[in-house]
Amino acid sequence: MRTGPGRGYPIFHVVDRGENVDILAQRTDWFHIRAANGKEGWVDRSQMERTLQPDGDQVSFERANIDDFTNAKWETGILAGDFGGANIISLYGGYSLNPYVSLEAWGSQILGNFSNGWMGSVNVVSEPWPDWRISPFLTLGAGVIRTEPKSTIIQGEDRTDQIGHVGAGFRIYTARRFLLRAEYKSYVVFTSRDENEEVEEWKVGFAFFF
Amino acid sequence: MESRFRVLFLIVAMISLSGCAATKNLFGFGNQSAPPPSSEGPGQVIDPEVERREIKEAAIDREDFEIGVYGGIMSIEDFGTDVSYGVRLAYHITEGFFVEGTAGQSEGGLTSFEELSGGARLITDSQRTLTYYNLNLGYNILPGEVFIGEGRAFNTNLYLIAGLGSTRFAGDDRFTVNVGAGYRFLLTDSIALHLDFRDHLFDIDLLGEEKTAHNLEGHLGFTVFF
């Protein structure tokens, strides 16, 4: 047993073979345990898995793996990047209908030199090879964008427009419940002026599934 | 002689009837006269006092999240220094890495230009309120223990953070890069004190030329793991 949840903390107590321990809590891969004599300390997962259950079975703890990457229902993440020359920060949540198709909702804040804005959209994501460690996807969606010119720009007024987008990207499984995500989206902003605007967006970020 | 044999036989008979195992072994009869095996299984000889329990992983209390509040001071470039406060939520991914979201507020004062020029104001009073949010990735670079006196040891972590966010100040939302370092002092296994120093970098063109402003913040915080 160590004094803290980390590999460098000193070992201050050894639980005897045959002794029972109580698990009080778990933080990351460390277990906070209480020994029979009342001493409390931290042990890591690999040591916990060498203990026995009261019926003599080996203790094992579930650990997310690449199968969960393919089959998990929910996913959420944060991405940042470039939206037509402005900075963009996005948060998303997704739900998988099956391993190949999922629905996502996005909220983004756009911070540019001349204007700021907010964008919300929903989209469908199709993954032809969801069991690949680097899984490519295609996406199609629609939403709204609110644009507010910066206060130092004299002209211009706030406006809200509808948008449509297509895109493609990769979900890359890293470890445990985590994945990296990189994507490109091409937006069409349906403005009230004569011409529609087109905006290109590049983003990278990370997400986790559960 | 005959009576002697008779006495010996009598003793043997008495002992075998008495059922005393220890004395039986004295005469070498131990094996033959051992009690027949009990009809009850060995498991039932002693009633177990402890109920059998299975470890249900879902029942283990997971403490990967950390939530808390903080207060300190923030220096807004050109706008003086004022009190700042905020909230923090962190998720610990491994013993090293964590992700953290913070949201806070401070207040900008008058620039030197505004103070010297008399009545001129660059921004309105409501635009002087600075609010921000940040999403950071953190790493516990120096975990350790500190000692207070002879009998007390506390776990600590020195960590680095870096991330992105947005700051609303002087009428605009500004893309903000956030870097800093902090010290986590665990009072117990699930209650911690924090001392943090952070730099919020954003571009501002309020005083003519556009420049990158460094806005330094130092704060003390309190968090709970759950």
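**Close-up 1. Strands β3 and β4 of chain B run antiparallel and are joined by 11 bridges.** In this predicted model, strand β3 of chain B covers residues 97-107. Phe97(B) has its bridge partner in β4(B), namely Tyr139(B). Strand β4 of chain B extends over residues 129-148.

**Close-up 2. The hairpin of β4(B) and β5(B) has three residues between its strands.** The two strands run antiparallel, and 17 bridges join them. Within this pairing, Leu137(B) stands opposite Ala162(B), a residue of β5(B). Gly149(B), in the hairpin, takes a positive phi near 70°. Strand β5 of chain B spans residues 152-169.

**Close-up 3. Strands β6 and β7 of chain B pair in the antiparallel sense over 10 bridges.** Strand β6 of chain B comprises residues 172-186, and strand β7 of chain B comprises residues 191-204. Arg184(B) stands opposite His194(B), which lies in β7(B).

**Close-up 4. Eight strands of chain B close into a barrel.** The order around the barrel is β1-β2-β3-β4-β5-β6-β7-β8, and the pairing is antiparallel. On average, neighbouring strands of this sheet are turned by 25° against each other, direction ignored. Strands of a sheet pair through backbone hydrogen bonds, either parallel or antiparallel.

**Close-up 5. Chain B contains three helices and eight strands.** Chain B has 226 residues, of which 27% are buried. Among the contacts in chain B between residues at least 6 apart in sequence, 53% join residues at least 24 apart.

**Close-up 6. The contact between the chains takes 29 residues from chain B and 32 residues from chain A.** On the side of chain B that touches chain A, the strands β4, β5 and β6 of chain B each supply at least two residues. By class, this side of chain B has nine nonpolar, five polar and 15 charged residues.

**Close-up 7. Three strands of chain A form an open sheet with antiparallel pairing.** The strand order is β1-β2-β3. Strands β1 (21-27) and β3 (40-44) of chain A stand at the edges and have a single partner strand each, so one side of each is left without a neighbour in the sheet. Neighbouring strands of this sheet are turned by 35° against each other on average, direction ignored. Strand β2 of chain A, residues 30-35, pairs with β3(A) in the antiparallel sense over five bridges. In this pairing, Ile33(A) stands opposite Gly41(A) of β3(A).

**Close-up 8. The domain assignment of chain A gives two domains, domain 1 (1-60) and domain 2 (67-209).** The C-alpha centres of domain 1 and domain 2 of chain A are 43 Å apart.

**Close-up 9. Asp68(A) is found in helix α2 of chain A.** This helix covers residues 66-71. Asp68(A) has 16 other C-beta atoms within 10 Å and is therefore partly exposed, given that a residue counts as buried at 20 or more such atoms and as exposed at 12 or fewer. Asp68(A) and Glu200(A) are separated by 132 residues in sequence, and their C-alpha atoms lie 32 Å apart in space.

Note on methods:
Residues are numbered from 1 along each chain as its sequence is written. Chains are lettered from A and ligands numbered from 1 in the order in which they are written. This is a predicted model: local features need pLDDT of at least 70, side-chain atom pairs count only at pLDDT 80 or more; totals for chains, interfaces and linings use all residues. Two residues are in contact if their C-beta atoms, placed from the backbone, lie within 7 Å. Helices (H or I, at least four residues) and strands (E, at least two) are DSSP runs, numbered from the N terminus. Ala, Val, Leu, Ile, Met, Phe, Trp, Tyr, Cys and Pro count as nonpolar, Asp, Glu, Lys and Arg as charged, and the others, Gly among them, as polar. Two strands pair if DSSP finds at least two bridges between them. Axes are lines fitted to C-alpha atoms, for helices over the stretch in contact, and angles run from 0 to 180 degrees between N-to-C directions. Domain bounds come from an automatic or database domain assignment.
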